[in-house]
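Take the points in any order you like.

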Amino acid sequence: MWLQYEICTVEQVNVQYQSLLRNVVIKGNDPIIFSAKDELQRAVKGMLDHELSWTENVQEANFVIGNINEVADFLKEEQRQLLTDLTEEGYIVQTSNQKTYIVGNTDKGVLYGVHHFIRLMQINSDLSQLQIVEQPKNQFRMINQWDNLDGTVERGYSGQSIFYQNGKIVKDKKRIRDYARYLSSVGINAISINNVNVWEEETYFITNKYLAEIKAIADIFSAYAIRLYLSINFASPMAIDGLSTADPLNKEVKQWWKEKVAEIYEYIPDFGGFVVKADSEHRPGPFTYNRDHADGANMLAEALEPYDGKVVWRCFVYNCLQDWRDRATDRARAAYDHFKPLDGRFHENVLLQIKNGPMDFQVREPVSPLLGAMPQTNQLVEFQVAQEYTGQQIDLCYLIPQWKQVLDFDTHIKGTGSTISEIVAGNIHAYKYSGIAAVSNIGDDENWTGHTLAQANLYGYGRLIWDPSLSSQEIAEEWISQTFGNQKEVVEKIGSMLLSSWTIYENYTAPLGVGWMVTPGIHYGPNIDGYEYSRWGTYHFADREGIGVDRTIETGTGYTDQYEEPNRSIYNILSECPDELLLFFHHVPYKYTLKNGETVIQHIYNTHFKGYEQVEDLMDSWNSLESLMDNDRFKNVQDRFRRQKINAKEWRDQINSYFYRKSGIADQYNRTIY
Ligand code: GCW
């Protein structure tokens, strides 16, 4: 991935780096410091082909690394002041008196600073006059693995798990360590290592049957400043110890969790806490006992509080046994309806994890109205790096632009500027803890992500949530340089491929925000009515007159009412609604004219013909890069594009034929519709 180093061939740059890194000192004895040291050593070996010479003596060194307590005496007053103003993960990378300093407020900051320095080396920056002052925008920067003990990964598109194999935790943990390196290099500081759907055997992860081995994994991550979390089964007291109930208000149940948590912390003193999917898609939860989600989360929170542990409680709670005939129930409403009334009831160490959209990681959705709507409840927004509904790492879909739109969305919850970015950074409401979590996209494939270019989404996720002000293009270019080297043509071509890919994917799949239309179960490839008469609450309501879901206040499900003004009106009033979300909010005739001047039906035809052609262009672009990279990576991506083209064609023709048959309206340009 992006930590494979290439020899720096630009003479001048190479000479500069060699001279900067003549005599390096790193202070401290923490495992995190050893990681930082190891990372720098590898990078220097890889890029400059020399072994770093370390010194013990700060005076003699020309490159000084350490936390503020270790090296304060050697800093200038203004540098100390810079650090005082930063959080514990903050750091400075600065040149002063002909020396380079990487100083963190803590060892974590040191590690991040070293990663930053390495990144600059990889993109061949001039490092002679550094004035870097950095800290992450978000406190929680989490990755969720959906890995199962049998070695499968739920919604995994990159092979099997790197954590588990055939019902056991893997013995050889080398790849786990590499994964920790990748994650920390982009600033991730928390990981949950098992699927939120906690099956029978995984329920026992919190028992002595597994805790010793889980501790070994936790140690690997904590040496990279990443805290380990476990997904738990809400019914654990029953499943593990035969209690007759898992009622969160029951005394014995509470006591059971307290003892359980104490046992976990004996093994793993820096254990992060629990991730919980409860009362969601048939997982057990407090509803069984007529309790609510605050009751459920708080019981766990009480047990974790003495250890500074957290409860990450997911809000993906909706009726998955809906009757398609029932037009009043709207899945999009569910998270807000369930959780908003509970604001103020959650303990301080509970964070609600809310998917970015109200449905489920579709190619286009509005932002979940629950985000920011609970001033007294810590929140995390949840993204999906795994491309479940966005091409499954067969089709190219660079998701950073999508996540940026989410982060930039202004909820207006406390006036203008109440963006999701500021909300989850804890700057709008006084959240004690908050941030961002995402479902990982890696597996044991040699290239980690199936599609080599899908690595950009994992990289970009980390970089974006560290610093949401970075542009999609900056992130893409950084990643390309680090991964494929600095050749201009490679950076430019792959850059423009990545940046156009989300729009392209959207062009040939479900139109105008309506979502779904995928093959049920696997969620890849078109099946327009696949979910239309199902119980999942995911409908498009196409008939011979028109298409879309009426979510307005007056005639629809009233979902638009969950937004603050002006968003409420913008979405609720047909003429105001942005084109790309039109069918999410309104049911309109096929001849309805969009803001872009096209009718809905003509727009469907146009985007679908275009999307397919754009995939052909992507292929051509890629093919033109053959001589500029190694064969393995070239072939991997080439093969993915071959499959993407087949997929895009199927989508194009099924969607166009479907809507032509429904509407009877011909394509203005007489292109082939079957
Ligand atoms: O969309 C659904 C996925 C499930 C997943 C669920 C969730 C882990 O299809 O595979 O289960 O979301 O987020 O809990």
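1. First, the naming. Helices (H or I, at least four residues) and strands (E, at least two) are DSSP runs, numbered from the N terminus. Asp-49 has a positive phi of about 55°, though it isn't a glycine. For background, most residues other than glycine have a negative phi, and most peptide bonds are trans.

2. Some housekeeping. This is a predicted model, where local features need pLDDT of at least 70 and side-chain atom pairs count only at pLDDT 80 or more, while totals for chains, interfaces and linings use all residues. Residues are numbered from 1 along each chain as its sequence is written, and side-chain values use heavy atoms, with hydrogens and water left out.

3. Have a look at helix α2 (residues 31-48) beside helix α5 (residues 107-122): their axes come within 8 Å and cross at roughly 10°. (Axes are lines fitted to C-alpha atoms, for helices over the stretch in contact, and angles run from 0 to 180 degrees between N-to-C directions.) That makes α2 roughly parallel to α5; angles under 35 degrees count as roughly parallel, over 145 as roughly antiparallel, 65 to 115 as roughly perpendicular and the rest as oblique. On the α2 side the contact includes Ile-32, Leu-40 and Met-47, and on the α5 side it includes Leu-111, Val-114 and Phe-117. Contact here means heavy atoms within 4.5 Å. Sorted by class, the contact of α2 with α5 has 13 nonpolar, three polar and three charged residues. (Ala, Val, Leu, Ile, Met, Phe, Trp, Tyr, Cys and Pro count as nonpolar, Asp, Glu, Lys and Arg as charged, and the others, Gly among them, as polar.)

4. How does α5 sit against helix α6 (residues 174-185)? They pack at an angle of about 85°, with their axes 9 Å apart, and are therefore roughly perpendicular to each other. From α5 come Leu-111, Tyr-112, His-115 and Arg-119, and from α6 come Arg-181, Ser-184 and Ser-185. That contact has two nonpolar, three polar and two charged residues.

5. Next, helix α9 (residues 251-267). Its 17 residues reach 25 Å from the first C-alpha to the last, close to the 24 Å expected at 1.5 Å a residue (the expected span is 1.5 Å times one less than the number of residues). Which residues of α9 are buried? They are Val-253, Trp-256, Trp-257, Lys-260, Val-261, Ile-264 and Tyr-265; buried means under 20% relative accessible area, exposed over 50%, partly exposed in between (1.4 Å probe, protein chains only). Seen down the axis of α9, the buried residues fall within an arc of 165°, so they line one face of the helix. The arc is that of the directions from the helix axis to the C-beta atoms. On the other side of α9, Lys-251, Glu-252 and Glu-266 are exposed. The cover over the buried residues includes α7 (211-222), β10 (227-232), α8 (236-241), β11 (273-276) and α10 (293-304).

6. Helix α20 (residues 631-663) has 33 residues and should span 48 Å at 1.5 Å a residue; its end C-alpha atoms are 47 Å apart, which agrees. Gly-664 follows α20, and its phi is positive, near 70°.

7. A few buried spots deserve a click. Val-588, in strand β17 (residues 588-589), counts as buried at 1% relative accessibility. Apart from residues up to four places away in sequence, Val-588 touches several others, including Gly-546, Leu-574 and Val-600. Glu-506, in helix α16 (residues 488-508), counts as buried at 12%, and beyond its neighbours within four places in sequence it is in contact with Val-363 and Arg-364. Thr-419, in the loop between α12 (400-408) and α13 (420-424), counts as buried at 15%.

8. Trp-516, in the loop between α16 and β16, has a positive phi of about 55° although it is not a glycine; Trp-516 is buried, with a relative accessible area of 7%. A cis peptide bond joins Glu-565 and Pro-566, with omega about 0°, and Pro-566 lies in the loop between β16 (546-547) and α17 (567-572).
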